[in-house]
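Colleague: Please take me through this model. I want to know what stands behind each label.

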Amino acid sequence: MQDLESLLFQNRLLTEEVKRRIDQLAAINTVAATVSQSLDLDRTLTTALRAVLNVVGADAGGISLIDREAGEVVLRAQQGWTHDFVSPPMRIPLGKGMSGRVINSDDVVLDNHLDGSEELAVPRFKDENFRSIVMAPMHARGKIIGILSIMSLRPEAFNTEIVAMLKAIADTVGVALDNARLYETSVEQEKRLKAIFESTADGMIATDLNGRISLINHAAAAIFEVEASQLIGTPLREAPIHPRVCESLLFALSSRDEANKSFEVTLDNQRTLSFFVSPVYVESQVEQEQKTDGWVIIVQDISHLREAERQRAEFIQAAAHDMRNPLGVALSSLQMLNSFFKADTGAQEIIDIATRGVNRLQELINDLLNLEQIESGYGVRMEMVNIVELITDACAEIRPMLAEKQLTCTTDIQGQIPFILGDSKWLRRALFNYLDNAAKYTRPGDTITVRAFVADPFIHIEVVDNGPGIPAEAQARLFQRFYRAEGTEKIRGTGLGLAIVKSVAEAHNGSVYVRSRPDQGSTFGLTLKVQNELTPG
Ligand code: ADP
């Protein structure tokens, strides 16, 4: 009989214990459900505190967050207090006072007998007359992010059960607050990035992998003279922008290799736009490697630079003309001197140095005059040009230079390359300049490939090398007159070779481009319109 009674008693105890546990779990769940409803940090702080006080039945409570940069614990929410400690917030140096004990021990601190004699970091806290307090550390992502406290005006208000429950609830609140804080930071960063994106003077466009425009800033829309809203969400091929720009961009985006690309496009109204296209990489969470996610295009209106360059060019051309004759005289005088001093080796050496200098100067003047000829159209002779034959001829012309450096050169002609209307002398010169550079700037033993293919409406001729490559910041300037990248001072050159290629391409209604990455070689390309309407000079 007694056994039965004790059994019944134990059973009742057990039932009560289970019920209590269920109540606790329900309370924790209630808090979890409440705090995860919002990503707004201030709202999460107040709703979390209200929910906690409801389930634990305390008179007051507070939530402090750790500001690691400032080295402080900052009270961000309070409820049931007499005085306002949130605005301005109560700030306690990290490690000081009761909150210091919580953080240092990384455990709950319980005091059911507050009597005003405690060492407090903020003495004003005594005015609240709390007699019991529990403070629990809140964790998120493996770190303490703050403290959840409950207080009572009565002594002996909190038992171990409440302490355990607060401990469990504190981490739930911690994770919710951390999420809200992360969200707030990311929203803030997004706003800041957007402000930078909109205020930069350079036009910027982002596309997905298929060339659909996902972002475009004010500057880019202004350069294209359209509303940004007309372009967002539109595939580039359907975008209401100049067809020449569209074609060049589509080609840059369609190439399989993921190097940066830069090119310029001259519009009918003589405006010149410069483009820089780079792939956007994102880290793949699953495969732990970088994947291309889309493209970012930087566009600048460089018409004013072109105009300044044109004026400078005019001046230089005039000077070159004036220097040509005196230089010719100087060279023939040196030749005469040479014959006078045949026997004197010392004098011969000096004459040799002077001759080399005059030759270099003549090379420069010839390049300048070449540029003038091609740009003015004077001396351009139109005929049907066989591009494949042109490539073979240019390769033969460069062969002695290649042999000197043990370079190998191969051709890669893809499909049928149609004849075009053009000037074979100038086109061969352009291709020779690309090949000459590939030979000059690669290392002994490197390989060079001349590739040709049709990507309607253009024929592409590319010279690909596996040389040292070119840094991104230099790429946009390569085709400018006299530009030579840093570190190439010791290699012979005038800085005009690529400018000549560009002028030849433009005279054939085409364009030039470069794709390169340091240490990964360079590809210099030249496009020529298949149905070419060249104006005879
Ligand atoms: P130059 O060769 O006379 O200096 P260019 O106009 O032909 O002038 O070339 C401009 C610059 O471009 C060169 O000085 C060099 O820095 C760079 N460059 C051209 N082609 C290559 C290449 N294949 N690899 C690396 N750099 C190159």
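**Domains, pocket and helix**

Modeller: The C-alpha centres of domain 1 and domain 4 are 71 Å apart. This is a predicted model, where local features need pLDDT of at least 70 and side-chain atom pairs pLDDT 80 or more, while totals for chains, interfaces and linings use all residues. Residues are numbered from 1 along each chain, and side-chain values use heavy atoms, without hydrogens and water.

Colleague: Where do the domain bounds come from?

Modeller: From an automatic or database domain assignment. The assignment gives domain 1 (2-187), domain 2 (200-301), domain 3 (302-379) and domain 4 (382-537).

Colleague: Why is the second largest pocket said to lie between domain 3 and domain 4?

Modeller: Both domains give residues to its lining, so the pocket lies between them. Among the elements giving two or more residues are α9 (345-376) and α11 (424-441). The largest share, eight residues, comes from α11.

Colleague: What makes R324 in α8 a kink?

Modeller: The bend is the angle between axes fitted to the seven residues ending at a residue and the seven starting there. At R324 the kink is about 30°, shortly before the proline P326.

Colleague: What span is expected of helix α8, and what does it reach?

Modeller: The expected span is 1.5 Å times one less than the number of residues. Helix α8 (303-340) has 38 residues, so 56 Å is expected. It reaches 54 Å from first C-alpha to last, close to that value.

Colleague: Which residues of α8 are called buried?

Modeller: Buried means under 20% relative accessible area (1.4 Å probe, protein chains only). In α8, L327, L331 and L334 are among the residues that qualify.

Conventions: Helix = DSSP H or I, 4+ residues; strand = E, 2+ residues; numbered from the N terminus. Buried < 20%, exposed > 50% of the residue type's maximum accessible area, 1.4 Å probe, protein only.
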